[in-house]
Amino acid sequence: MSDLKKIKDELLLKLKSKLNLSEVNQMKSDLFGKNGLVSSQFKKIGTIAETERKKFASELNVIKDELQDLINVKIKEIEKEEIREKLQKEKIDITLPERPFVRGKIHPVSQTIDEISSIFSEIGFSVEEGPDVESEYNNFTALNTPKNHPARDMHDTFYLDEKKERLLRTHTSPVQIRTMLKDKPPFKIIAPGRTYRSDSDQTHAPMFHQVEGLHIDKDINMGHLKGCLNYFIKEFFELDKIKMRFRPSHFPFTEPSAEVDIGYEMKDGKIVIGEGDQWLEILGCGMVHPNVLRNVKVDPIKFQGYAFGMGIDRLAMLKYGINDLRAFFDCDYRWLNHFGFDPLDVPTNYRGLSR
Ligand code: PHE
C-alpha cells in the first residue's frame, strides 16, 4: 500500500507548482498510460496473496479515482487561468478606423423574378426550375416541334454536340415537359430562368430570361388564361386598369395560340404602360396542344389548360425605365448601384415568397 500512498503524495506535491496544460497531460499519461504507475499497480493484483487481494484492489480503485479527480480539477483550473490571461492581454483598440463596408445591390432581373414569383404565388402557382442545358427532345420534340419543323429555325439554337441532341434551352417551355413527366395533373406552375438564342442587339442578348406559366386541370379554358394574365399585368405594373389584347399567333405547342399586347403611350420620351393607343407585345400563350399532353402521358380528354411564356428582361426594362438590355449583363458596378435594389427596401407590391 505504501507505493500507492507515495504516488499520491508525489502527485499532490507536483500539483502545487505552476504547471501548463501539456505538463499536466504528461503527468496524466505517466500515471494512467499503458505502462503508467497506476496501471502497473493494477497489473500487480494477480501476484498478491489471496487474503490481501480484495483489500488491495478496492484501495487501488479508490486512490485511482482520487488521482483522476485531482488531475481533472487542475486541468480545469489551468484552462480558466489561460482564458483570464488572454482577456487581460488582448485589449480591443476601439479607436481603430472601421473596415470599409460595401453593401451589395440586388440585380433588377433578380428583383423582377422575385416580384413575378410573388404575384403568381398569390393565385396558387408554385415555382419550378429546369436546367439550362436541355435535351433536344424536351426543348422541341416533346413540345410538338418535330425535326425539320420550321419553328425550329426561328430559335437560333446553340447546339452543344454534332448530333444536335443537347442544346442550351431556347425557351423555358421544356420545364412544362419536365414538370408533367414528374407528377400527375393538376399542374399550376411558373418556371423562371435563363434562356439562350444566338442573337444580339439593343433589345436582344444571347442569354436572356423568360418565365413560363402552365395551368392544367379539368375544364380550364382561355377565359382563365385571360383573367390570369390580366391580374398579373395589373399587379406587376401596379395599375388599376390596363389595356390588353390577344392577337392570333402560332406556336407548335399551343392551339389556339396568341400573342398578348398591352397598351402604352409615350410621355416625355418615356413609355407609360396602361394608357394610350400604342401596343407593345409582351408574351406568347395559348391552350396546351393535345399532342404535348399525350407526350407526357396526360389524357387530353380529361385534362386541358393554358401555357404562357414571357421575357423577364423586357418586363424589367419597362417597369424600371432601363433602355439597353445589354447593360443587364455587363457587370458594371456603377450601373448596378444605380439600377440595383437595396436588399432591405421592400417594393410596394412585393409580398414575400413564403405567403
Ligand atoms: N416558348 C414560347 C417562346 O419562347 C413562348 C410560349 C410559351 C408560347 C408558352 C406559348 C406558350 O416564344
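I began with D219, which is found in the loop between β5 and α9 (222-237). I took helices (H or I, at least four residues) and strands (E, at least two) as DSSP runs, numbered from the N terminus. The model is predicted, so I read local features only at pLDDT of at least 70 and side-chain atom pairs only at pLDDT 80 or more, while totals for chains, interfaces and linings use all residues. Residues are numbered from 1 along each chain as its sequence is written, and side-chain values use heavy atoms, with hydrogens and water left out.

I read phi of D219 as near 60°, a positive value in a residue other than glycine. I noted the background: most residues other than glycine have a negative phi, and most peptide bonds are trans. Is D219 buried or exposed? D219 counts as exposed, at 63% relative accessibility. My cut-offs were under 20% relative accessible area for buried, over 50% for exposed, and partly exposed in between (1.4 Å probe, protein chains only).

I then looked up C331, in the loop between α11 (312-320) and α12 (333-339). Phi of C331 is near 55°, again positive in a residue other than glycine. C331 has 74% relative accessibility and counts as exposed.

**Cis peptide bonds**

I checked omega at two prolines. From P185 to P186 the peptide bond is cis, with omega near 5°. I placed P186 in the loop between α8 (174-182) and β4 (187-196). The bond from E255 to P256 is also cis, with omega near -5°. P256 sits in a strand, β7 (residues 254-267).

**Strand β4 and its partners**

I followed the chain into β4, where eight of the ten residues are buried. I counted two strands as paired if DSSP finds at least two bridges between them. Strand β1 (residues 126-127) runs parallel to β4, joined by two bridges. In that pairing V127 stands opposite I190 of β4. On β5 I found ten bridges to β4, and these two strands run antiparallel. There A191 stands opposite E212 in β5.

**Ligand**

Which residues come nearest to the ligand? Of the 13 residues around the ligand, they are H171, S173, R197, Q210 and E212. I called a residue near if one of its heavy atoms lies within 4 Å of the molecule.

Next I looked at polar contacts, meaning pairs of N or O atoms within 3.5 Å. A ligand nitrogen is 3.0 Å from an N or O atom in the side chain of S173. A ligand oxygen lies 3.0 Å from an N or O atom in the R197 side chain. For Q210 I found a side-chain N or O atom 3.0 Å from an oxygen of the ligand. The ligand on its own has 320 Å² of accessible area, and the protein covers 92% of it; I used Shrake-Rupley areas with a 1.4 Å probe.

I sorted the shell by element: β5 (207-217), β9 (278-288) and β10 (304-311) each give two or more residues. The largest share, three residues, comes from β10. By type the shell holds five nonpolar, six polar and two charged residues, with Asp, Glu, Lys and Arg counted as charged and Gly among the polar ones.

**Salt bridges**

How many salt bridges does the count come to? I got 15, taking a side-chain nitrogen of Lys or Arg within 4 Å of a carboxyl oxygen of Asp or Glu. Side chains of opposite charge can pair when their charged atoms come close.

E115 forms a salt bridge with K319, with the closest N and O atoms 2.6 Å apart. E115 is in helix α5 (residues 108-122) and K319 in helix α11, so this pair ties together parts that are 204 residues apart in sequence. I found both E115 and K319 buried.

R178 and E134 meet in another, at 2.5 Å from N to O. R178 is in helix α8 and E134 in strand β2 (residues 133-135), so the pair ties together parts that are 44 residues apart in sequence. R178 is partly exposed at 33% relative accessible area, whereas E134 is buried at 2%.

I also looked up R326 and D324, whose side chains meet at 3.3 Å, N to O. R326 counts as partly exposed at 37% relative accessibility, and D324 is partly exposed at 24%. Last, I noted a network of salt bridges that links R245, R247, E259, D261 and E281.

Technical notes: Polar contact = N/O pair within 3.5 Å; in protein donor to acceptor, adjacent residues only side chain to side chain.
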